[in-house]
Amino acid sequence: MSSYRFLVNGAPAEVDVPGMRRLLDVLREDLGLTGTKEGCGEGECGACSVILDGQVVDACLVPICQVEGRIVRTVEGLSLAARERGSLDTLQEAFLEHGAAQCGICTPGMLMAARAYLDAGGDGDEDRIREAIAGNLCRCTGYTKIVDAIAAVAHVD
Amino acid sequence: MPAEPPIDTPRNLFEAYERLAAAPARPIAGGTDMMVSITGELGPIPERMLDLSRLDELRGIAMEQGWLVLGARTTYTEIRRSTHCREYLPALVEAAATIGAAQIQNRGTIGGNIANASPAGDTLPVLLAADAVILVGGQRGEREVAAADFFIDYRKTALAPDELILQVRIPVPAGRSLQFRKVGTRRAQAISKVVMALAWRDQGTAGWGDVRVALGSVAATPIRALATEAVLEGARPTPEVADRAAETLAGELEPIDDVRSTADYRRMVSARILHRLLRDAEGW
């Protein structure tokens, strides 16, 4: 067991856990942030996508020792700024408007992958959006509405 | 929760060498293979892990006297963005772009692809075709191993237990062409059924020289197809030569049936890919 300190959604976090514990388990079990979902647990489905120092990663593939001193953003942090205005993140709003969520298991990861793409300057080009979310599997929507939602935000930004 | 073996995070290469000399430990960098292996219980759980994430000595991309030098911790995303890689080895950029998707490319490293030594490792045929050299090091010193000598058997490499992969060094000779093709189930997130890299130097009337035909997913290790190379060496790939090379390749490969594909498919597709690469190169 060791102590690891990092920022989650702008707030300092400290956990005393084995260094090989997955970031996914630290978020869900140790910090109670259950917005991040576990799908396959092997980096195929992207359900556990979070943003680590600005890059989208699968939280199931990151040992917590590699998160020491770094900045993590999860779906819970997506709307922090917007919540003060009493609203959701523009991406979350777009997902609702476009019907881009059905069962919801992929949605938190999809939002984080899309957010990382847009924050890195991604535009509304369909091919580029599809590439940006290629690591996030959705078995309900057929992706079209998700792509539309992301494109709508890209065009507004 | 998955197993959580003890892990040590050395702050520099000197400390890492000390730890490895004292007791065996499984290195982990981006974790895109190791974490899957532990969570999925694909093999015995390592007794001890060695976290490479603080070893800045293993980072960076540079051109050094005609060699493209990649630190072992270079990620696929860094390869895709690197102006050096785009200019001098675009085939490696293409290979990096086919590995997983953003989540994997942001974490997975070229050193990890080499150490993991999967027969389906997508960068490995490019390294073989490009005559890459792998620099490894430990307390006993550093040594260079040709990529062609590195992959010994199924997931067995020339790396000793007390050594780490430090760099990949790739010569960039003038006039060399290098093409990459991958066949998978879908464009992203797919493990390859067949992956191929073809390198050559056009010597005009003297035909092609330094021909390399390297493949992944068709044998226990990434391999070079030496008989096929011999057909092409010193020849111009006319349609007749291309037919003969493709036929030689199909005869030379001994792939297996597995969950991703069949031996027959792999043999046929490998021959087809080679044929098309030759046709595209010569423009007939």
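Colleague: How many helices and strands are there in chain A?
Modeller: In this predicted model, the elements of chain A, read from the N terminus on, run β-β-α-β-β-β-α-α-α-α-α-α. Counted by kind, chain A holds 5 strands and 7 helices.

Colleague: Why can chain A be called as compact as a globular protein of its length?
Modeller: The C-alpha trace of chain A spans about 45 × 35 × 25 Å along its principal axes, and buried residues make up 50% of its 157 residues. The comparison itself rests on the globule rule, which for 157 residues gives 15 Å, and chain A is as compact as a globular protein of that length because its radius of gyration is close to that value, at 15 Å.

Colleague: What share of the contacts in chain A between residues at least 6 apart in sequence join residues at least 24 apart?
Modeller: Two residues count as being in contact here if their C-beta atoms, placed from the backbone, lie within 7 Å. Among the contacts in chain A whose residues are at least 6 apart in sequence, the share joining residues at least 24 apart is 59%.

Colleague: Which class has 12 residues on the side of chain B that touches chain A?
Modeller: Where the two chains meet, 25 residues of chain B are in contact with 26 residues of chain A. Helix H2 (34-39), strand E3 (49-51) and helix H6 (102-105) of chain B each supply at least two residues of that side of chain B. By class, this side has 3 charged and 10 polar residues, while the class with 12 is nonpolar.

Colleague: Where do the buried residues of helix H5 (residues 90-97) of chain B lie, seen down the axis of the helix?
Modeller: The buried residues in this helix are Ala91(B), Leu92(B), Ala95(B) and Ala96(B). The buried residues of H5(B) pack against several elements of chain B, among them helix H3 (76-81), helix H4 (83-88) and strand E11 (176-183). Seen down the axis of H5(B), they fall within an arc of 140 degrees, and so they line one face of the helix.

Colleague: Which element gives the largest share of the side of domain 1 of chain B that touches domain 2 of chain B?
Modeller: The domain assignment of chain B gives domain 1 (60-171) and domain 2 (176-282), and their contact takes 22 residues from domain 1 of chain B and 23 residues from domain 2 of chain B. On the side of domain 1, H5, H8 and strand E8 (151-153) of chain B each supply at least two residues. The largest share, 5 residues, comes from H8(B).

Terms used:
Residues are numbered from 1 along each chain as its sequence is written. Chains are lettered from A and ligands numbered from 1 in the order in which they are written. This is a predicted model: local features need pLDDT of at least 70, side-chain atom pairs count only at pLDDT 80 or more; totals for chains, interfaces and linings use all residues. Helices (H or I, at least four residues) and strands (E, at least two) are DSSP runs, numbered from the N terminus. Ala, Val, Leu, Ile, Met, Phe, Trp, Tyr, Cys and Pro count as nonpolar, Asp, Glu, Lys and Arg as charged, and the others, Gly among them, as polar. The radius of gyration is taken over C-alpha atoms; the globule rule is 2.2 Å times the number of residues to the power 0.38. A residue is buried if 20 or more other C-beta atoms lie within 10 Å of its own, exposed if 12 or fewer, and partly exposed in between; C-beta atoms are placed from the backbone. The arc is that of the directions from the helix axis to the C-beta atoms. Domain bounds come from an automatic or database domain assignment.
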